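Hi,

Here is the structure I promised to pass on.

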Amino acid sequence: VQLQASGGGLVHPGGSLRLSCVASRSISSIDTMGWYRQAPGKQRELVAKSKNDGSTNYADSVKGRFTIFRDNARNTVNLQMDNLKSEDTAVYYCNAVRYVSSDRRFYTYWGQGTLVTVSS
């Protein structure tokens, strides 16, 4: 699975951005689609994820501000980011996790990353 992320850019504090991730194949069989981010000098961390059962999880730091949308029909997962703060500045990565029963293992895929800069 190849993942193409887009939508990053420069935004003022309090502003909004919408990130988009398009998969090269159907995501209907992919267990989890999500977004991670990595700020300079920090480890990559989970931002939000959406499972095939409809459940979602968010990092505490983004709850109430970010919303993840998964669209299996369009093979996309989007991240709506509102009320952005300077601490949201990071490279954001799209992620997919697929379980292959014949292999009895999970496969993880990453997009190339898109830079989000929140600054006045």
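This is a predicted model: local features need pLDDT of at least 70, side-chain atom pairs count only at pLDDT 80 or more; totals for chains, interfaces and linings use all residues.

Residues are numbered from 1 along each chain as its sequence is written, and side-chain values use heavy atoms, with hydrogens and water left out.

Let's start with the salt bridges (a side-chain nitrogen of Lys or Arg within 4 Å of a carboxyl oxygen of Asp or Glu). The whole structure has five of them. Arg-37 takes part in a network of salt bridges that also links Glu-45, Arg-65 and Asp-88. Between Glu-45 and Arg-37, the closest N and O atoms are 2.8 Å apart; for Asp-88 and Arg-37 that distance is 3.0 Å. Asp-88 sits in the loop between β8 (76-81) and β9 (90-100) and Arg-37 in strand β4 (residues 32-38), so this pair ties together parts 51 residues apart in sequence.

How exposed are these residues? On the scale used here, buried is under 20% relative accessible area, exposed is over 50%, and partly exposed is in between (1.4 Å probe, protein chains only). Asp-88 and Arg-37 are both buried, Arg-37 at 6% relative accessibility. Glu-45 is partly exposed at 36%.

Another salt bridge joins Arg-74 to Asp-71, at 3.0 Å from N to O. Here Arg-74 is exposed at 62%, and Asp-71 is partly exposed at 24%.

Now the strands (DSSP runs of E, at least two residues, numbered from the N terminus). Two strands pair if DSSP finds at least two bridges between them. β4 and strand β5 (residues 45-51) run antiparallel, joined by six bridges, and Arg-37 has Glu-45 as its bridge partner in β5. These two strands form a hairpin with six residues between them, and Gly-41 in the turn has a positive phi of about 80°. β5 is also joined to strand β6 (residues 56-58), antiparallel again, by three bridges. In that pairing Ala-48 stands opposite Tyr-58.

Last, Thr-114, which lies in strand β11 (residues 114-118). Thr-114 is buried, with a relative accessible area of 10%. Leaving aside neighbours within four places in sequence, the residues in contact with Thr-114 (heavy atoms within 4.5 Å) include Leu-19, Trp-35 and Tyr-92. The Thr-114 side chain also reaches the backbone nitrogen of Gly-8 at 3.0 Å.

Cheers

Note on methods:
Helices (H or I, at least four residues) and strands (E, at least two) are DSSP runs, numbered from the N terminus. A polar contact is a pair of N or O atoms within 3.5 Å; within protein, one must be able to donate a hydrogen and the other to accept it, and residues adjacent in sequence count only if both atoms are side-chain atoms.
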